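Q: I have a new structure to look at. Can you take me through some of its packing and charge pairs?

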Amino acid sequence: MAFTIRQLQFFIAVAEQGTVSGAAQNLSISQSSVTEAIKELESDLGVELFERHPRGLNITHKGHQFLRHATKILADVSDARRSFSGDQAAAGGRLQLGVTSMVAGYVLSDLLARYRRAYPGVEVSAIEDNGDYLEHLLIGGKLDIAVMVTSNLRDRTALQSEILEVSAYRLWLPLGHPLAGADIISIGDIAFEPLIMLTVDEIEENTGKLLTAIGAKPHVAFRTRSVEAVRSLVATGAGVALLPDLVYRPWSLEGDRIESRDISGSLPVVQVGMVWRRGSGLPQAARDFIGLAQSQRTVRR
């Protein structure tokens with residue numbers, strides 16, 4: 001029996017929500033339907049996609065590998081439908097994009113790949129830089145669109161934005177860390193833990209604010225601009241990290257397991273979205289990019 005598009009949608013929802021109940025609520029269907037679809041998918045593939053535990057589900061290494069395929073399959077289906085909405089292949093023009101460091105590999109890469117397949121005649125150029133500079137380029141008309149963290153957008157009067165992803169902060173821990181078994185973890189619990197600090201976008205600023213609010217000074221063991229370095233350092237026990245779930249992956253490049261846990265209390269979220277200059281007449285290539293990004297957001301939901 002071959003797996004179905006519906007099974008892939010259910011699988012992605014469970015992977016994103018971490019529980020069958022959360023996926024069922026998100027999809028507005030029964031939990032039994034989700035459970036049965038996952039069992040059938042695992043049977044068809046011959047692998048275990050999730051590890052079951054009392055709190056929910058953890059995606060396995062095989063499940064994580066399949067998640068990328070499933071996401072791409074659904075995106076390709078969406079592209080196939082869009083290909084009949086007009087003569088896209090003949091569309092030309094130029095698209096000038098900006099992107100912040102953290103967003104480049106976790107949001108833009110797949111989106112840009114889809115755009116190039118849908119509009120091969122468009123010449124695309126992209127620049128990676130910090131959010132303040134990208135805002136400057138957008139206002140100055142040097143960029144059409146930027147895909148970036150929008151939760152700390154500076155000039156909202158001159159710029160228009162649309163959210164693509166909202167990601168909560170979670171605690172990353174090495175396998176076997178004492179906090180991994182705690183029922184409730186608070187910010188105070190990690191105040192004196194060695195922190196692996198990601199220094200891109202607003203991460204370091206937000207982490208510092210969280211700890212300062214409880215009167216603790218961050219104990220930073222390592223600062224890096226590389227998410228992969230954070231993963232490796234956490235996995236090998238060099239420290240813990242407080243990062244948005246958007247960039248979480250359960251294994252380091254070396255294949256070591258990384259745990260992720262919720263933190264109690266009021267934590268900020270990271271909003272990732274598209275930004276363009278308010279009131280500007282966007283070229284057709286930019287409008288097409290926005291439309292494709294909106295359709296991808298719908299597929300993910």
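A: What follows covers the salt bridges and then some helix packing.

A: This is a predicted model, where local features need pLDDT of at least 70, side-chain atom pairs count only at pLDDT 80 or more, and totals for chains, interfaces and linings use all residues. Residues are numbered from 1 along each chain as its sequence is written, and side-chain values use heavy atoms, with hydrogens and water left out.

Q: OK, how many salt bridges are there?

A: There are nine salt bridges, a salt bridge being a side-chain nitrogen of Lys or Arg within 4 Å of a carboxyl oxygen of Asp or Glu.

Q: What does Arg170 pair with?

A: Arg170 pairs with Asp262, and their closest N and O atoms are 2.8 Å apart. Helices (H or I, at least four residues) and strands (E, at least two) are DSSP runs, numbered from the N terminus.

Q: Which residues are in a network with Arg170?

A: Salt bridges link Arg170, Asp245 and Asp262 in a network.

Q: And is Asp262 buried or exposed?

A: Asp262 counts as exposed, at 52% relative accessibility. Buried means under 20% relative accessible area, exposed over 50%, and partly exposed in between (1.4 Å probe, protein chains only).

Q: What about Glu259 and Arg261, buried or exposed?

A: Both are buried. The side chains of Glu259 and Arg261 form a salt bridge, at 3.2 Å from N to O.

Q: Switching to helices. At what angle do H1 and H3 cross?

A: Helix H1 (residues 5–17) and helix H3 (residues 31–45) cross at roughly 105 degrees, and their axes come within 9 Å. Axes are lines fitted to C-alpha atoms, for helices over the stretch in contact, and angles run from 0 to 180 degrees between N-to-C directions.

Q: Which residues make the contact?

A: On H1, Gln7, Leu8, Phe10, Phe11 and Val14 make the contact, and on H3, Ser33, Val34, Ala37, Ile38, Glu40 and Leu41 do. Contact means heavy atoms within 4.5 Å.

Q: Which residues of H2 are buried?

A: In helix H2 (residues 20–27), the buried residues are Val20, Gly22, Ala23 and Ala24. They pack against H1, H3 and strand S2 (56–59).
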